[in-house]
Amino acid sequence: MSMNWFGSKKKKASASTTAKGSSGGSTDPQATIVKLREAISTQEKREEHIQRKMDGMVKEAKEKMARKDKKGAMYALKRKKLYEQELDKIQNVKMTLETQVFNLESASQNANTFSAMKSGTTAMKKIRQDVGIEKVDDMMDDIREEMEMANEISDAIAQPVDPLLADEDDLLAELEELEAGDVEDELLKQPATKNPSINLPAVPSAKLPELQKDEAEELRKLEAELAGL
């Protein structure tokens, strides 16, 4: 028993085409809005055409009434009523289409806003996962450690390099010994004397100047007063 592979493929292809056709048009909001606006434009053109027809029926009814054709005038008015009904339908369709455009634009804007907010949340979550409080703490510890290491290196570089550098205590002790030796040598160099001579001022050989008579007289009075006390 042989199977018709080609026939089955055609059926599958037909089924696939039917499925695509039944799925509807594009779901892109912008493309749908464009189609709706095109439909509104078509209804407006149709509305203008029917309005011209209505105006023509009114003109025709007036002409028939002028010719005393009452039946013809009534027929023209009936056709005008039909156009009016059709015009009401078109206006209702336009309102529906415009409402859909308005709602779709609002929904599209809400969807874009939601997408932007979701992207922002995802970005913030990724940043938080990449950074994290533990990673920040580790990084700050590393920074402090590197700064301390840099300070230690700077201090080590700033230390003087002196091959003759010695302990200050040893230097002070050696300096005191030198000073003590200098004092001892100075004492040994001085001669020993029992009665060292004292330089006194010389006695003046000239006579003291005599006091004037008035000064001598006043001096005697003063001595007398002192003796009487």
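Modeller: From the N terminus on, the elements run α-α-α-α-α-α. This is a predicted model: local features need pLDDT of at least 70, side-chain atom pairs count only at pLDDT 80 or more, and totals for chains, interfaces and linings use all residues. Residues are numbered from 1 along each chain as its sequence is written, and side-chain values use heavy atoms, with hydrogens and water left out.

Colleague: OK, how many helices and strands is that?

Modeller: The count is 6 helices and 0 strands. Both are DSSP runs numbered from the N terminus, helices being H or I with at least four residues and strands E with at least two.

Colleague: And how much of the protein is buried?

Modeller: Buried residues are 9% of the 229 residues. Buried means under 20% relative accessible area, exposed means over 50%, and partly exposed is in between, with a 1.4 Å probe and protein chains only.

Colleague: Which residues make the nonpolar surface patch?

Modeller: Met-139, Met-140, Ile-143 and Met-147 make a patch of about 360 Å². Patch residues have over 30% relative accessible area and no salt bridge; like charges are joined within 9 Å, and nonpolar side chains (Val, Leu, Ile, Met, Phe, Trp, Tyr) within 5 Å. Ile-143 sits in helix α4, residues 133-158, and is partly exposed at 36% relative accessibility.

Colleague: Switching to packing, at what angle do α3 and α4 pack?

Modeller: About 45 degrees, with the axes 6 Å apart. The axes are lines fitted to C-alpha atoms, for helices over the stretch in contact, and angles run from 0 to 180 degrees between N-to-C directions.

Colleague: What do you call that, parallel or oblique?

Modeller: α3 and α4 are oblique to each other. Under 35 degrees counts as roughly parallel, over 145 as roughly antiparallel, 65 to 115 as roughly perpendicular, and the rest as oblique.

Colleague: Which residues meet there?

Modeller: On the α3 side Gln-129, Asp-130 and Val-131, which meet Ile-133, Lys-135 and Val-136 in α4. Contact means heavy atoms within 4.5 Å.

Colleague: Now charges. How many salt bridges are there?

Modeller: The structure holds 8. A salt bridge is a side-chain nitrogen of Lys or Arg within 4 Å of a carboxyl oxygen of Asp or Glu. One of them pairs Glu-105 with Arg-37 at 2.5 Å, N to O. That pair links distant parts of the chain, with Glu-105 in helix α3 and Arg-37 in helix α2, 68 residues apart.

Colleague: Are those two buried or partly exposed?

Modeller: Glu-105 is partly exposed at 32% relative accessible area, and Arg-37 is partly exposed at 45%.

Colleague: Which residue does Lys-94 pair with?

Modeller: Lys-94 has a salt bridge to Glu-47, the closest N and O atoms being 3.0 Å apart. Lys-94 is in helix α3 and Glu-47 in helix α2, so the pair ties together parts 47 residues apart in sequence. Here Lys-94 counts as buried at 15% relative accessibility, and Glu-47 is buried at 17%.

Colleague: How about Lys-64, what's its partner?

Modeller: Asp-69, with the closest N and O atoms 3.8 Å apart. Lys-64 is buried, with a relative accessible area of 16%, while Asp-69 is partly exposed at 29%. There's also a network: salt bridges that share partners join Lys-80, Lys-81 and Glu-84. Glu-84 is in helix α3 and is partly exposed at 22%.

Colleague: Last one: what does Ser-108 touch?

Modeller: Setting aside neighbours within four places in sequence, Ser-108 is in contact with Pro-29 and Gln-30. Ser-108 lies in helix α3 and is buried, with a relative accessible area of 7%.

Note on methods:
Areas by Shrake-Rupley, 256 points an atom, 1.4 Å probe, with all protein chains shown as cover.
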